[in-house]
Amino acid sequence: MSNLILILGDQLTTAISALDNADRKRDRIVMAEVHDEASYTNHHKKKLVLLFSAMRHFAQRLEDDGWQVHYQTYHPDNETRNLESVIANQLKETGADRVITTECGEWRLHEQVSHWHERLGVPVEIRPDTRFIASKQAFSDWAEGRKQLRMEFFYREMRRKTGLLMTPDGKPEGGEWNFDADNRRKWTGKPAAPAPFRVEPDKVTREVIEAVEQHFTEHFGTTEGFHFAVTHEDAEQALEYFIDFALPCFGDFQDAMSDNEDWLFHSILSPYINCGLLDPLAVCEAAAQAWYSGRAPINAVEGFIRQILGWREFVRGIYWLHMPGYAQENRLGNTRSLPWFYWTGDTRMRCMHKAIDATRRNAYAHHIQRLMVTGNFALLAGVKPEEICDWYLAVYADAYDWVELPNVLGMVMHADGGYLGSKPYAASGKYIQRMSDHCSNCHYKVNKATEDDACPFNALYWHFINRHRADFASNPRMGMMYRNWDKQKPERREALLQRADNLLAHLEQL
């Protein structure tokens with residue numbers, strides 16, 4: 001029996017389950033850059049470069065290791081424009097008896113592959129993705145019977161399961177499970193932020209850059225300055241660089257934003273973890289070792305591990321537990337289209353401009369920029385969840401539907417009615433002022449709320465609070481906000497609402 005083994009662009013590791021017990025002499029690995037996967041959303045040009053180049057490097061590594069590999073490079077004139085047609089052609093050419101693959105990370109593609117056996121006429125074996133610490137079934141078992149699912153409790157289970165940052169007697173290292181309260185310092189320029197880890201594009205990457213520039217001219221972003229790792233070895237170097245130069249300060253400043261620094265102390269490892277170049281558990285173990293060896297403080301290491309072991313695993317579980325219906329959630333009844341400046345950065349709101357411009361240039365922005373700037377604005381403005389979700393999926397190099405959708409629809413937009421997060425992450429301009437220096441360079445004044453030059457976040461925040469009173473007034477975490485709103489004089493409330501109505505009517509002019 002011979003097999004076709006399909007490896008997807010986010011499965012770039014020899015530890016992928018599709019390769020278990022494979023036969024180098026009889027089986028053929030299939031990898032393909034296809035139109036449908038490259039174009040189903042407006043993928044950032046740097047995201048396309050990263051994945052195409054990493055795929056080509058991985059295919060070469062497999063060939064060097066003695067595997068038979070069929071690899072299709074992208075061209076708009078390719079006859080096979082989707083993965084099913086690539087597999088169908090390879091079945092005809094090889095006479096293989098079955099297809100083996102590892103489960104997809106996106107419901108859209110999972111549904112397609114699940115029906116291949118009917119159309120291709122051969123068995124299609126879909127194996128679990130063992131790179132995750134919690135399987136789909138394990139998460140479902142944990143969630144069963146719980147009225148609300150909270151990441152913090154799931155995270156503690158994952159800590160116990162892996163032993164990460166746990167003492168021999170089963171207690172959390174440092175005496176606390178979560179050091180988030182110690183991770184909210186504003187960055188004022190000291191200590192100096194390290195330069196981002198860079199890999200100069202090799203011949204393969206340069207060829208991919210040329211192809212993307214030629215065939216994806218209308219896609220968001222730029223290929224200029226591409227410096228991501230595209231091999232396992234270089235991704236490992238990026239991990240070491242982060243631990244040596246950024247992790248020690250990551251905890252204190254992980255929520256900070258700067259007018260002058262795109263990266264600060266963030267790892268920029270999520271693109272590599274999510275496409276398979278780095279193993280998530282190994283990354284967490286490397287960070288934990290930095291704590292044990294005295295190279296990084298506990299608040300930095302715990303905060304970093306929580307993002308991977310906690311949020312990453314948690315949102316993946318939510319995704320597969322509730323798809324496909326989850327993607328249709330819109331509990332707040334949002335109807336507004338995504339403002340065009342999300343694609344251009346052409347806005348006088350300094351924080352929005354900086355976050356979108358960094359996204360355009362880097363295919364990256366850190367979690368606070370995504371949650372409390374671009375996400376917060378979409379929440380306050382009442383943007384349709386499907387439009388802001390598609391934007392996040394398109395513009396970030398680490399974005400795949402399984403991780404993007406719950407984070408944006410649930411955490412950012414609160415469109416699932418509080419299933420993922422206990423309260424909406426809504427904030428006025430004061431939060432952005434507290435965590436950044438953007439406001440001092442902004443056209444708008446963060447200390448004003450109703451005037452023509454007032455920070456738009458301020459009036460929009462109160463408008464959001466007012467229009468969703470029925471949704472949130474009984475939420476114990478929102479009670480103070482409603483008491484503050486009710487204490488304001490009627491004329492003040494009316495002025496805030498009028499200012500917000502005017503802003504909402506002229507969003508594109510902000």
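Tutor: Helices are DSSP runs of H or I with at least four residues and strands are runs of E with at least two, numbered from the N terminus; in these terms P191 is found in the loop between α7 (151–162) and α8 (203–215). This is a predicted model, in which local features need pLDDT of at least 70 and side-chain atom pairs count only at pLDDT 80 or more, while totals for chains, interfaces and linings use all residues. Residues are numbered from 1 along each chain as its sequence is written, and side-chain values use heavy atoms, with hydrogens and water left out.

Student: Is the peptide bond from K190 to P191 cis or trans?

Tutor: The bond from K190 to P191 is cis, with omega near -5°, and the loop that holds P191 also contains L165, which has a positive phi of about 55° although it is not a glycine. Most residues other than glycine have a negative phi, and most peptide bonds are trans.

Student: What makes α17 oblique to α18?

Tutor: Helix α17 (residues 385–395) and helix α18 (residues 401–412) pack at about 135°, with their axes 9 Å apart, where axes are lines fitted to C-alpha atoms over the stretch in contact and angles run from 0 to 180 degrees between N-to-C directions. Angles under 35 degrees count as roughly parallel, over 145 as roughly antiparallel, 65 to 115 as roughly perpendicular and the rest as oblique, and therefore α17 is oblique to α18.

Student: Which residues of α17 and α18 meet?

Tutor: With contact meaning heavy atoms within 4.5 Å, P385, I388, C389, Y392 and L393 in α17 meet D401, E404, L405, V408 and L409 in α18.

Student: Why is one side of β3 and of β5 left without a neighbour in the sheet?

Tutor: Two strands pair if DSSP finds at least two bridges between them, and the open sheet of five strands has the order β3-β2-β1-β4-β5, with parallel pairing. Because β3 (68–72) and β5 (124–127) stand at the edges, each has a single partner strand, and one side of each has no neighbour in the sheet.

Student: How do you know that β1 and β2 pair?

Tutor: Strand β1 (residues 3–6) and strand β2 (residues 28–32) share three bridges in the parallel sense, which meets the requirement of at least two.

Student: What makes F139 and F314 an aromatic pair, and of which kind?

Tutor: Rings of Phe, Tyr and Trp (its six-membered ring) pair if their centres lie within 6.5 Å, and planes under 30 degrees apart count as stacked, over 60 as edge-to-face and the rest as tilted. The rings of F139 and F314 are 5.9 Å centre to centre with 65° between the planes, and therefore the pair is edge-to-face.
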